[in-house]
Amino acid sequence: MRMMTQIRTDISFQIKHGFYLAYLVVSVFYITFLAFIPPSWKETAAVLLIFSDCSFLGSFFVGGIILLERDQGMIQQLLISPLRISEYILGKALSLSCLATVASSVILLASFGLSLHYTPILVAVFICSLFATFLGMMVAIRVKSLNQYLLVTPLFVPIFFLPMANYFSLPAPTLLKWTPGYNTLQMITDGFHPIPHLSLPIFILISWVILFFFITKRQYERIFFKNGGE
C-alpha cells in the first residue's frame, strides 16, 4: 500500500512539474517524424528512437526530479517520514518506467498500428528504463545542480549506446553482448523481426536492474539520508 502511494505521489509530482506534458510534445514530434520519413528507413528510425530515447527516459528525467525535490526541501522531509529508502527509489523508477512504456506504446501504435510484436518491445523499454533511472539517481545525488548533472551524464551515455554498432553490423567487442544496451536493442528488434531465445536477454537485463537497484540503495543510505540530503 505504501509503495503504491509513493508511486502515485511521484506521478503527481511529475505531472505537476510538466514532465508528462514535455514528453507528450516529444512523442507527437516523434510520431510526426516517423510519418514523413521514407518507408525504407522507418523501421530503423523507430528501433533507434525507442532504444535511445524512450528506454533511457528515466535517466533524462530523474536528475531534474531529484534536484527539484532537494530544492523544495522534500528530501529533508523524508528523513522524518516512515518511507523506506528502497520505496523512495522504486517509486521514482517504476513511475518513470511506466511513462516510458506508455509513451513507446503510443508512438509505435500511431506509426505501425498492430503489425508489431509489442510484448518484447515494451518489456525491454520497461526493464531498461528501470536500469536507466537507477543510473540517473546514482549521478543525481552526487551533483549540486542540473547543469552539473547535464555535464556528467554524457560521460556514461555513450557506453550505453555502444551496442548500436552491432545493430549496424559494425565491429564491436564481444563483451557488449552482456550489456543492458545490447540486450534492450535485441528485444526491441525482436518486436519487428521475432528472434528465438529471448530468455537470455531478459535474464541479463533483470540482473543489471537488480544489481543497480542495490548499488543505488546503498549509495542513498550512505549519502542521501546520512547527510540529510545535502
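A residue is termed buried when its relative accessible area is under 20%, exposed when it is over 50%, and partly exposed in between (1.4 Å probe, protein chains only). By this definition Phe51 is buried, because its relative accessible area is 0%. The structure is a predicted model, in which local features need pLDDT of at least 70 and side-chain atom pairs count only at pLDDT 80 or more, while totals for chains, interfaces and linings use all residues. Residues are numbered from 1 along each chain as its sequence is written, and side-chain values use heavy atoms, with hydrogens and water left out.

Phe51 lies in helix H3; helices (H or I, at least four residues) and strands (E, at least two) are DSSP runs, numbered from the N terminus. Contact is taken as heavy atoms within 4.5 Å. Apart from neighbours within four places in sequence, Phe51 is in contact with Phe56, Phe160, Phe161, Met164, Gly181, Thr184, Leu185 and Ile188. One of these, Gly181, is 130 residues from Phe51 in sequence, and the two C-alpha atoms are 8.2 Å apart.

Two packed helices are described by the angle between their axes and the distance between the axes. Here the axes are lines fitted to C-alpha atoms, for helices over the stretch in contact, and angles run from 0 to 180 degrees between N-to-C directions. Angles under 35 degrees count as roughly parallel, those over 145 as roughly antiparallel, those from 65 to 115 as roughly perpendicular, and the rest as oblique. For helix H3 (residues 39–52) and helix H11 (residues 180–190), the axes come within 10 Å and cross at roughly 140°. H3 is therefore oblique to H11. Their crossing is right-handed; this term applies if the near helix is turned clockwise from the far one by less than a right angle, and left-handed applies if it is turned anticlockwise. On the H3 side the contact involves Val47, Ile50 and Phe51, which meet Gly181, Thr184, Leu185, Ile188 and Thr189 in H11.

H11 also packs with helix H7 (residues 118–140), at an angle of about 160° and with the axes 7 Å apart. The two helices are therefore roughly antiparallel to each other, and H7 passes H11 in a left-handed crossing. Pro120, Ile121, Val123, Ala124, Cys128 and Phe131 of H7 meet Pro180, Thr184, Met187, Ile188 and Asp190 of H11. Asp190 is buried, at 6% relative accessibility. Between Asp190 and Ser52 the separation is 138 residues in sequence and 16 Å in space, C-alpha to C-alpha.

H3 packs with helix H6 (residues 85–112) as well, their axes coming within 11 Å and crossing at roughly 175°. H3 and H6 are therefore roughly antiparallel. In this contact H3 contributes Lys42, Glu43, Ala46, Leu49 and Ile50, and H6 contributes Ser104, Ile107, Leu108, Ser111 and Phe112. Lys42 lies over the face of Phe112, at 5.0 Å from the ring centre; a charge sits over a ring if NZ of Lys or CZ of Arg is within 6 Å of the ring centre and within 35 degrees of the ring normal. Leu49, also in H3, is buried at 8% relative accessibility. Not counting residues up to four places away in sequence, Leu49 touches Tyr30, Phe33, Cys54 and Ile107.

Aromatic pairs were assigned where rings of Phe, Tyr and Trp (its six-membered ring) have centres within 6.5 Å; planes under 30 degrees apart count as stacked, over 60 as edge-to-face, and the rest as tilted. This rule gives eleven aromatic pairs. In one of them, the rings of Trp208 and Phe212 have centres 5.8 Å apart and planes at 50°, so the pair is tilted. Both residues lie in helix H12 (residues 199–224), four residues apart, about one turn of the helix. Trp208 is partly exposed, at 27% relative accessibility, whereas Phe212 is buried, at 12%. Phe19, Tyr23 and Phe61 form one aromatic cluster.
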